[in-house]
Amino acid sequence: MVNPRFPRSRIRTFGFSFTLFASAISIALCICFAFTFLFTTYSYASHQQHHSVSDGGIAHGFESIRRSILALKTDPLKPRLDQIRKQAEDHRSLALVYASYARKLKLESSKLVRIFAELSRSFLDLMNKPQYRSLLSNDGAPVDESVVRQLEKEVKERIKTTRQVISEAKESFDNQLKIQKLKDTIFAVNEQLTKAKKQGAFSSLIAAKSIPKSLHCLSMRLMEERIAHAEKYSDEGKPTPPEVEDPNLYHYALFSDNVVAASVVVNSATKNAQEPWKHVFHVVTDKMNLGAMQVMFKLKDYNGAHIEVKAVEDYKFLNSSYVPVLRQLESANLQRFYFENKLENATKDTTNMKFRNPKYLSILNHLRFYLPEMYPKLHKILFLDDDIVVQKDLTGLWKIDMDGKVNGAVETCFGSFHRYAQYMNFSHPLIKAKFNPKACAWAYGMNFFDLDAWRREKCTEEYHYWQNLNENRTLWKLGTLPPGLITYYATTKPLDKSWHVLGLGYNPSISMDEIKNAAVVHFNGNMKPWLDIAMTQFKPLWAKYVDYELEFVQACNFGI
């Protein structure tokens with residue numbers, strides 16, 4: 001119940017006055033506390049500044065904080081100035097980035113690098129102007145609004161220019177980036193292509209020089225027949241047939257260790273000869289294949305042609321004391337060159353890879369330089385490789401006037417290709433002084449030799465001279481064509497190209513008309529006709545002269 005002595009209105013008035021009084025006291029206390037704190041902080045910082053440098057740094061930090069707070073409260077231009085400075089720094093950094101990017105994209109030849117560098121420099125020069133540097137470096141100084149407006153105007157002008165240049169440069173950057181990415185892609189693809197070519201060339205070399213299973217089988221079966229019936233196939237003790245040394249007949253030299261290939265050469269030549277009984281074939285092989293070769297050429301009569309089969313070992317004058325190649329093959333360096341069997345070493349030089357072919361170790365490949373001594377009673381002889389096919393009668397070669405030349409061959413040069421410069425090292429003074437780098441090269445495979453002219457010109461001695469000089473392989477790469485080009489330099493009679501068409505072992509674009517008109521087609525290259533990798537359009541030209549009806553051929557699954 002309410003006391004009558006204190007009415008409600010008086011109670012309400014008293015409560016309100018008390019609340020107002022309490023609030024005023026609280027506000028006064030807060031103001032006093034704030035001034036006390038600031039005064040204490042300032043006194044403490046000033047006192048500590050006289051004692052140590054580090055304490056002075058702390059005091060200066062507190063002073064900066066105090067002044068910054070006051071500045072924010074008292075100078076509204078400060079945030080605006082900071083924003084202008086930040087925009088200038090950002091766009092200066094952006095210009096530097098674009099300049100660096102332009103250099104990376106190799107745009108030095110254009111004006112972009114210089115323009116972006118100048119834009120970046122203009123921002124820096126602007127901020128270093130005296131009126132602006134003092135404004136930006138002195139936080140406590142009063143800010144002149146007119147100076148800030150002028151700074152803002154100049155910064156905005158530079159920002160506008162920077163953005164405009166960047167906008168115009170983006171298209172160039174995009175195009176250059178695409179070009180650079182394309183170049184990088186092309187380079188990577190070229191690297192892969194080069195690696196694939198090396199591996200492909202190495203694989204092709206392995207495939208080309210490997211002996212097919214059917215060919216190995218045939219050699220073994222023929223050798224087995226030779227051992228089982230030695231008296232039937234041996235020529236020991238028998239007199240040499242007079243036809244073998246008759247200079248009035250047509251003589252051929254064939255050096256091979258491939259039984260099937262040699263038989264195809266003889267088969268094709270005798271089947272296309274008008275008078276095959278007047279043709280004499282001198283087949284020379286190595287000791288290992290002698291038995292198989294003897295059996296092969298006695299299984300049929302080859303249309304009455306005369307066939308002499310001998311081993312290279314039967315020619316006793318061919319020894320290391322007389323033949324430079326045999327002597328050089330005993331060199332440790334040359335053996336290491338041939339028998340180095342690491343893949344990375346074998347494929348590191350695709351140009352020279354083919355010269356690591358072990359066939360160059362065989363004396364059979366160099367017998368062509370000793371024809372006058374091997375056949376002293378002959379005047380002329382036709383040399384044939386074992387990868388050729390005869391398509392016409394070849395006796396017309398014996399009717400050609402050699403004009404005193406030693407070697408009759410088909411030239412292979414056209415334009416700048418197949419010139420002497422491609423086969424010899426013309427940086428060597430001996431080669432440079434003796435030969436013309438633009439002289440036209442010719443082909444081995446079908447070569448008609450005048451042995452009398454050979455003896456007169458002393459070609460074998462010339463061959464020995466240069467072969468001895470090339471023991472370290474500085475005059476030419478390995479092989480028989482370079483020394484042949486040197487030996488018969490200026491003594492070669494060019495023959496009509498229809499006598500000898502080359503390239504069936506590597507060039508698929510040879511026309512069939514050209515092949516049809518050729519007297520001899522040559523499967524030079526890796527794609528030999530007895531291999532699985534042979535070109536299918538040319539293989540039948542060779543396969544039709546294989547004696548598939550022979551029992552030994554059938555037993556070894558020789559297929560087309």
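A: Let's start with a term: a disulfide is a pair of cysteine sulfur atoms within 2.5 Å. This is a predicted model, where local features need pLDDT of at least 70 and side-chain atom pairs count only at pLDDT 80 or more, while totals for chains, interfaces and linings use all residues. Residues are numbered from 1 along each chain as its sequence is written, and side-chain values use heavy atoms, with hydrogens and water left out.

Q: How many disulfides does a search of the whole structure find?

A: A disulfide is a covalent bond between the sulfur atoms of two cysteines. Here the search finds two. Counting the bonded cysteines of the protein chain in sequence order, they pair 1-4, 2-3.

Q: What is the torsion about the S-S bond of Cys413 and Cys440?

A: That torsion is about -105°, so the disulfide is left-handed. The S to S distance of Cys413 and Cys440 is 1.7 Å.

Q: Which sulfur atoms are 2.1 Å apart?

A: Those of Cys217 and Cys556, which form a disulfide. This link is left-handed too, with -75° about the S-S bond. Cys217 lies in helix α7 (residues 213-228) and Cys556 in the segment after α22 (551-555), so the pair ties together parts 339 residues apart in sequence. Helices (H or I, at least four residues) and strands (E, at least two) are DSSP runs, numbered from the N terminus.
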